[in-house]
Amino acid sequence: NYFPPITHPILPPNEDSDTWVKTYLKEHHLTQFIIIHPGSGSNYKRWPIKKFLELIQLLLLKSNYSLVIIGGPGEEKLLDYLRIPLKKERKIHFIFNWDLHKTFSLFKMGKLFIGNDSGLTHLASAAGIDFIALLGPTRNTIYHGQVLEGRILPRGGNIIWNEQHWNTFFYDPFHENEHKYSHIEIEDITVEQVEEEIKKYINLK
């Protein structure tokens, strides 16, 4: 079997998108901000939305940064769950369904990205922003291994997971090989764990 080398993801620069996003940020008075993406392509890969809400409230209390909450197609209800209790917060800004280039430009201008196992987390890595990825049950060599070995998400990233759960194997019929499989449930990750990771990048009160 041949497995091609995994390289760092890149996206060609787009000056029009960069200019558009800079204007948008200026109009909305967003200078220093943290980006949070609570979604993912699969429900089992999503950290509970209630914990995201708790984390956001903690950051509002303990940090001086604005918070940009982003969502993509099919994530309207997810963002609404956060939007309703946070609608009076001036430091919160919601962005929904931006195209790839504008999202990439946004990531390049942010301070920190927090998200689940999703395409946007990989895009954040490609943009070079510091990130915290919340990973639960995911195939090691297909996802976790690439992340932890720093090939897919190599820049400034911290992966929150639990090493004690990496003790069993599953059979992969596609690669005819054994791979480690994570049995940690993503809801086992605590807000306190995420807070400790955040402290590696920004000062909290």
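1. Is Lys-22 buried or exposed? The model under review is a predicted one, and in it Lys-22 has a relative accessible area of 54%. Lys-22 therefore counts as exposed, since the cut-off for that class is over 50%.

2. Lys-22 belongs to helix H1, which covers residues 15-27.

3. As to the overall fold, the protein chain contains seven helices and eight strands. It has 205 residues, of which 48% count as buried. Among its contacts with a separation of 6 or more, 71% are between residues 24 or more positions apart.

4. The accessible surface of the protein chain amounts to about 11,100 Å². Carbon and sulfur atoms contribute 50% of that surface.

5. Two packed helices are described by the angle between their axes and the distance between the axes. For helix H4 (residues 100-109) and helix H5 (residues 119-127), the axes come within 9 Å and cross at roughly 55°. H4 and H5 are therefore oblique to each other, and their crossing is right-handed.

6. Which residues make the contact between H4 and H5? On the H4 side they are Leu-100, Thr-103, Phe-104, Phe-107 and Lys-108; on the H5 side they are Leu-120, Leu-123, Ala-124, Ala-126 and Ala-127. Sorted by class, the contact of H4 with H5 comprises eight nonpolar residues, one polar and one charged.

7. The second pair consists of helix H2 (residues 49-62) and helix H3 (residues 76-86), whose axes are 10 Å apart and meet at an angle of about 40°. This angle makes H2 oblique to H3, because angles under 35 degrees would count as roughly parallel. The crossing of H2 and H3 is right-handed.

8. What residues of H2 meet H3? They are Ile-49, Lys-50, Leu-53, Ile-56, Gln-57 and Leu-60. Their partners in H3 are Leu-78, Tyr-81, Leu-82, Pro-85 and Leu-86. By class, nine nonpolar, one polar and one charged residues form the contact of H2 with H3.

Key
Residues are numbered from 1 along each chain as its sequence is written. This is a predicted model: local features need pLDDT of at least 70, side-chain atom pairs count only at pLDDT 80 or more; totals for chains, interfaces and linings use all residues. Side-chain values use heavy atoms; hydrogens and water are left out. Helices (H or I, at least four residues) and strands (E, at least two) are DSSP runs, numbered from the N terminus. Buried means under 20% relative accessible area, exposed over 50%, partly exposed in between (1.4 Å probe, protein chains only). Contact means heavy atoms within 4.5 Å. Accessible areas come from the Shrake-Rupley method with a 1.4 Å probe; for residues, only the protein chains shown count as cover. Axes are lines fitted to C-alpha atoms, for helices over the stretch in contact, and angles run from 0 to 180 degrees between N-to-C directions. Angles under 35 degrees count as roughly parallel, over 145 as roughly antiparallel, 65 to 115 as roughly perpendicular and the rest as oblique. A crossing is left-handed if the near helix is turned anticlockwise from the far one by less than a right angle, and right-handed if clockwise. Ala, Val, Leu, Ile, Met, Phe, Trp, Tyr, Cys and Pro count as nonpolar, Asp, Glu, Lys and Arg as charged, and the others, Gly among them, as polar.
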